Structure formats: C-alpha cells, structure tokens
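Subject: Structure handover

Hello,

Here is the structure you asked about. My notes on it follow below the display.

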Amino acid sequence: MLRTPRPPLIHRSPMPGLGLTMGITITMLSLVVLLPIGALLAKGASFGLGNMWDVVNRERVWAALFLSFRLSFLAACFNLVFGVILAWVLTRYRFPGRRLLDAAVDLPFALPTAVAGIALTALYAPNGAFGALAKELGVKIAYTEWGILIALIFVGLPFVTRTVQPVVEEIDREVEEASATLGASRLHTLRRVIWPMLAPAALTGFALALARAVGEYGSVIFIAGNIPLSTEIAPLLIVIQLEEFNYDAAAAIGIAMLLISFAMLLVINLIQIWSRRRIGHV
Amino acid sequence: MHIDIDEISKQFGATAALHPVSLAIPSGALVALLGPSGSGKTTLLRILGGLEFPSSGRVLFDGQDATHLSVQDRRAGFVFQSYALFRHMTVFDNIAYGLTARPRATRPEKAEIARRVTRLLDLIQLPHIGARFPSQLSGGQRQRVALARALAIEPRMLLLDEPFGALDAKVRKELRQGLRDIHDTTGLTTVFVTHDQEEAMELADLVVVMSMGRIEQIGRPQDIRARPASDFVRDFITV
Amino acid sequence: MSDTSLPFRPATEETPLTRRLLIGVAVLGLALLVFAPLAAVFTEALADGWAAALASLGNHDARSAIQLTLIITAIAVPMNAAFGIAAAWFITKFDFRGKAFLITLIDLPFSVSPVVAGLCIVLMFGANSLVGGWLVAHGFPIVFALPGIVLATMFVTFPFVARELIPVMIEQGRAEEEAALTLGAGGWRVFWTVTLPNIRWALLYGVLLCNARAMGEFGAVAVVSGKIRGQTATMPITIEMLYNEYLSVAAFSMAALLTALALLTLLLKTALERRHADALAASHRH
C-alpha cells in the first residue's frame, strides 16, 4: 500500500523573512496573549475543579452570569433586526444624510466604553433628557435592567450592520429580477431569496455582538445599578474579587467566562463553515 | 403568442438608450436581437420582460396592451446572462421556485411540482442533478438549469440575455442546438440577445440588427447576408 | 396611447412607503442610540461654560492622565503595528500547517472580556505570581505600574493591525514580491519598496482603529492599573473616578476630549474608505 507523505510543516519558499516574522509572531503572541491566558488556566488548575465549582455555584454568581447572558442575548436580538435594516437602508437607498448615518454606525467601535457609559447614564438617568421622559411614563431606565440593555445594544450596534453590508452590496440584482420574472412578490423574494443570502453574515454578526456584550464592562457599570442578585453583571464580579485580592475566586469566574467566549468563538466558526459549504462563500 | 413593439423609447437620464423602435414578432418565432454593446438590445429585452419600463410607446402581447403589466404577471420566462440561479437552493428548488412562489390557491400540489421539475430535468437532459447546488455545476449545466427554471412557470414567451455569453466555444455549439430543440418542442415565441453574428445567423428565424438604440435591419439571416441595409450592418456581419 | 406618467417601480425595489418607513427606523434608532449620547457628552461638559471645562483639564491629575494615556498609546500601538506586519507577512507569504489555527489565536483577544484580559495579566505578572514576584524583587513591578497597563492595552488591541493587513495581502498575492526577488532585491528592500507601498493605507486603517481602542481602553486597564491618581490613572480611569466623585463637568470634559478623538478617528476612517477603498480589506469598501 502506498502512503501519501505528510506535507511538510512549512513549505520551502524563496520569500525572505521566514525566521524573523515567525519569531516576532510567535514571541509576541505568546508573551501578550497566550502566556497570560495560560496563567489564568494554571491558576484555576492549582485551585482545583471542585473549589472553582464552589465559587461559581453560588446564587450571586449564577444571577450575574444569567443576567449578563439574558440581556446580552436580548441586545444581540435587537441588533440583529436593527442591524439588518440599517445595512439594507445604507446600501440600497440614497437619501440626504446617508453618509453621516453610515459613519455614525462605527461610533460604538471608536468611542471609549467609559465615555459611552457616562453619556448613556446622563441621558437615561431619571434627571436626564430621556430618563425624565420615561419617568413620566412610569418607567425607570438607568440603574435597572433596561439601562444595561441599552448599553449592551450600544456596544453591539456595529457588528451585524458591518457584517451584512458587504453581502447586501454583493447581491446580484439579476437574482432578484429572476425571482420577480418567476412571479414572486417582493415580500416573497425578500423572504426566500434575499434573507437566506444574508442569514449567515447576520448570524455571524449576531454572535459577535453577543460575545462582545457578555464580556462588556466599561459602558455598563455606570448605567447598571450594580446591585447583587439584581443588576450586577458577571465581569463586575471579577473586578470585585480582585479588589479584595481574592485571586482564586476571580480566576474561577474568569475561567467560566473564558469558556463561554470559546464556545461562542466555536459557534461563529461553525456558522462560517456551514455557510461556505452551502453557498460556496461566506 | 405574438409580440408587437410599438414606438418604444427609453431614456436613462439625459441619454437615450432606445430611440422609438417598432417591431412585430410573429407567434412561435425564434428571434435574435443582434448588436454591439450599447446598441439597446438588452434594454429592449428587459422592457419585454417587464424589468424596465419604456419612456414612451407600447408593448402588445397578442394584441393586448401589456406596457404596464407588472413583471410578476407577465409570465415571461427570462434567462439572465449570469443565470442568476439561487445559490442557497438545490437545482430542484431552483426549478420549482416559480411554482412554489404562487399564492396557495393557484399553487400546484407538492407531487405535481415534483413531477413537473422531473420532466424539465429530463427536457434539459440533466435528469440526475436535482439534489445538487448551483456551485457544483459546470457553466453549461447552469445555463440549462436557468432555462428549465424559466420554463417551469409555463411562460408565454422565452427571453434570453446573452444565453451563451459566459461559455467556451465547444459548449456554446452544443447548447445552441439545445436551445433550438427546446424552442421547437415547446413552440414558444423566443427572443434572445447576442453580440455574436454567427450565433444569431445560425440559430434565429428572424434577426434584428441594432445599433445605438435604433433598429438597423430586420430580416431572415439569409436576406440580411444577401442584402445588408446599411454600411453598419455589412461591417457588423462580416467581422 | 399609453400613459407613460404612470408610476413605475423596478422589480428590485420596495414600495416608497416601505422605503420611507425603513429609513425612518434607521434614523430614529441611530438618533437615540448614537447621536443623543454624543450630544450629551458635550452639553454635560459645557454645563458650566467653556472656562470651567478647560480649567478641569488643566489641573495636575488631569494632565498626568492625558500624558499617561499618550505614553501608553505611543508604546502599545507601534508594538502592535510591528506585530501585525510581521504576522501578516508570515501568514500570507508562507505556506505552513496550522495557519487557520494561528489566525484564530491572533483573533482570540477580540472574544475575551477586557476584564478577563486584565485578570490574566494580573495572574501572570502580579506580585503573587512566579514571574511577577521575581520582577518585583528586582525593582521592576508590572502590575499596578506602566508596563502592566501597556500589556493590558496591547492584549485588547492585539488583532487590529494583523486583521486589517492579512486579507489585503492575501488579495495582492506574492507576484510583485517574487518579481522584485528575481530582479535581485533583498528582503528588506522588497518590503520597503514593494510591500509597504501596497499595504500602507490598510496599515494606516488598522493603526487608526488600534489607536482609538488603545486610548479608550477601560475594563482591562481598570483591573491592572490599581487606579493610583496621578500615577496609573489613564484618561478613561480618571473619567470614572471624577464621575464617581460627582465632578460631572470634569468627567465629561475629559470624556469630550476622548470623544473628539473618536470623531476624528471616524472622519479619517471614512476618508480612507472613500479615497483608498481598493487598498483596504474588501469588507470596508462601501
């Protein structure tokens, strides 16, 4: 039987700079990212699985994780719908102010989270412009779950729009026309032809927005009440443990959040593989 | 179905894509719109299909005014230059699309749809590719699937935009005969756009030579060859 | 005669009503979520007038925060730019096993909470850790000092430049570099005269985003800095401290400074997307 030889680890190439660029890449990646993450995992290992579980398995931690997840999911859902609409409007329609809106979508990427946090709080606090309005309607926004939700929507805003926009741009108009010549109404075309093309990108954006929201800290802590069991988010618990120099507990919660992030990263990759298989591109 | 084009013009902003043109297409004919790019041939085809609307003039189907008939109601089987197959659907679903898109009242039953799709796959001589996705097909196969999809809605006419444009020479020749065969079996009035004079002359019953938004000559291939109506036509068909 | 004035809608468009409705939703949503907070920053900063706002930025703590943030960015951004160029070169000019995995690792910081990132740095280099203890004993503390803040900032902004360059360099291929090699150019010469001119706009784009995030990083820095006023308090950390002390004008004045920077970043970014779209990663061309 003939065995196919294993491909070499690195193919020979006439390109210069292999040693240098590989060295810089691996060294910096290790020093800045991999070793610190390794230190977290090592801390967890030395603390022990049972002990870590005891830290995480407390009402206050569960409440914080559940709150972070539930609100991040809701915020990502909102951004999925709003982001797809935004992507469609910004690429398909021409109207005055379109470029301004297009640039504004990226503000949550560019604005420091602490600035976003205090700005949103100023607006939605009971004495703020929108907060006062809501108060008259009997709704409290800042220092409640609503406030957290608004902050999480803000930080996740650009993801869906920016992943969907290039796909909308690429849609072949002839495909939409083909659907119409076959007798399909515009709504049918949107549902059966256009949405399936956008869905993989939209879901990727959704997962990215979700992952970002779950770990978000800066923009949330100002507008959240930070009351244990009610408006306390998971990242805040880590900060609290660290301020008490309780490194083991901080590591336990940190590892729990890291695992959640990895799971989401995996989901994002699976979505992309799935979409590549189905329609031959992302 | 016979088609009458009555003084159709089309403006895109300040530029005229079509000067008023008139053309009568007899029922069951196989017509080529022949011309260089920018001659207005594709615009005219898209006006017939309801994808563009004329700036002035009328389109008549069997003597009835169809100028403002919506694209959905025209039942024009349209084959696009890029084929415009739905990438996320199988070949089967692509062909069935026009039937499943119908409102419930007029939609055939599932079994009936499957029967019709199978028949169309046989017609294009690709009986076993129903489960594949467009990305898994060759260029020639895609073109035939696009044709089958257009035929599935039982169209009143067949409109094809550069149907062989994206194919290599060998496949072109095969598919030309394929289109001729399908035209002869279905008897549909068929209009196709091409910039290739050999293709037009070999395939069509009637050739319409266009240039700069005007019709230069209408005639049977042999008549156009024998008596070109203008210098442009003579130059264009003797390339 | 047919009535040619009849309104006609192309097959690929929605009804005017739907269009107006969707545009309305987009405008309203962005007004509430983006433009209103933007306006709030400046109105709150100027609540007591220009003089008060400017005065709050002039005191010692504020100036040291601004200085610290500039120093951190001046170290972290060039380091990450150098990493991004090296990683992009390594990934796009060579074929090796595990490339996809390497790219995933480089992207990792984007999916880690900044707070967890800070925690990792603390556990790696804190006084209680093996490495950190040794470094502290030799008079080189990392956590609660400048190096820790720089590391935390580098962690959270790590992928920005690489992520911008990799798709552009994949698209450009290796032919031009190979041509230069056959003409006798050495490695550095190829990089400076062939590669860099081709990737400069994408590089600038990545540096721009990296810089914006580096100046504004909060979560990771909050964990590693120890928040020592006048020493390890960066601009965002100072904003938090001032805000919690109810010094609203001072907090928002500093926030306004960072907001102005964010707006400048967006402006430059938009200009790059418009002028040099073909030199950027395909996803930014709109």
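To begin with one helix pair, Ile72(C), Ile75(C), Ala76(C), Met79(C) and Asn80(C) of helix 3 of chain C meet Ile149(C), Val150(C), Thr153(C), Met154(C) and Thr157(C) of helix 7 of chain C. By class, this contact of helix 3 with helix 7 has 7 nonpolar and 3 polar residues, and no charged ones. Please keep in mind throughout that this is a predicted model.

As for the geometry of that pair, helix 3 of chain C covers residues 60–93 and helix 7 of chain C covers residues 146–157. Their axes are 9 Å apart, and the helices pack at an angle of about 45 degrees. The crossing of helix 3 of chain C past helix 7 of chain C is right-handed.

Records for chains C and A

For chain C, the unreviewed UniProt entry places the feature "transmembrane region" at residues 21–46, 66–90, 102–127, 139–162, 202–226 and 246–268. I have values for two of these spans. In the model, residues 139–162 of chain C are 62% helix and 0% strand, with the end C-alpha atoms 34 Å apart. Residues 202–226 of chain C are 88% helix and 0% strand, and their end C-alpha atoms lie 35 Å apart.

UniProt (unreviewed entry) also places the feature "domain: ABC transmembrane type-1" at residues 66–267 of chain C. That span is 78% helix and 0% strand in the model, and 22 Å separates its end C-alpha atoms. For chain A, the feature "domain: ABC transmembrane type-1" is placed by UniProt (unreviewed entry) at residues 65–268. Residues 65–268 of chain A come out at 78% helix and 0% strand, with the end C-alpha atoms 21 Å apart.

Contacts between chains

Chain A and chain C meet through 78 residues from chain A and 82 residues from chain C. On the side of chain A that touches chain C, helix 1 (residues 18–47) of chain A gives the most, with 15 residues. The residues on that side of chain A divide into 59 nonpolar, 12 polar and 7 charged.

The contact of chain B with chain A takes 19 residues from chain B and 18 residues from chain A. On the side of chain B that touches chain A, the elements giving two or more residues are helix 2 (71–74), strand 6 (76–79) and helix 3 (91–100) of chain B. By class, that side of chain B has 10 nonpolar, 6 polar and 3 charged residues.

The sheet in chain B

Chain B has an open sheet of 6 strands in the order 6-7-8-3-9-10, with mixed pairing. Strand 6 and strand 10 (214–219) of chain B are at the edges and have a single partner strand each, so one side of each has no neighbour in the sheet. From one strand to the next, the twist averages 15 degrees.

Within this sheet, strand 3 (residues 30–34) and strand 9 (residues 206–211) of chain B run parallel and are joined by 4 bridges. Leu33(B) has Val208(B) in strand 9 of chain B as its bridge partner. Helix 5 (residues 139–151) of chain B packs on the sheet, where helix 5 touches strand 6 and strand 7 (157–161) of chain B. The direction of helix 5 makes about 165 degrees with that of strand 6 of chain B.

Regards

Key
Residues are numbered from 1 along each chain as its sequence is written. Chains are lettered from A and ligands numbered from 1 in the order in which they are written. This is a predicted model: local features need pLDDT of at least 70, side-chain atom pairs count only at pLDDT 80 or more; totals for chains, interfaces and linings use all residues. Two residues are in contact if their C-beta atoms, placed from the backbone, lie within 7 Å. Ala, Val, Leu, Ile, Met, Phe, Trp, Tyr, Cys and Pro count as nonpolar, Asp, Glu, Lys and Arg as charged, and the others, Gly among them, as polar. Axes are lines fitted to C-alpha atoms, for helices over the stretch in contact, and angles run from 0 to 180 degrees between N-to-C directions. A crossing is left-handed if the near helix is turned anticlockwise from the far one by less than a right angle, and right-handed if clockwise. Two strands pair if DSSP finds at least two bridges between them. UniProt positions are given in the numbering used here, feature names are shortened, and annotations may be inferred rather than shown by experiment.
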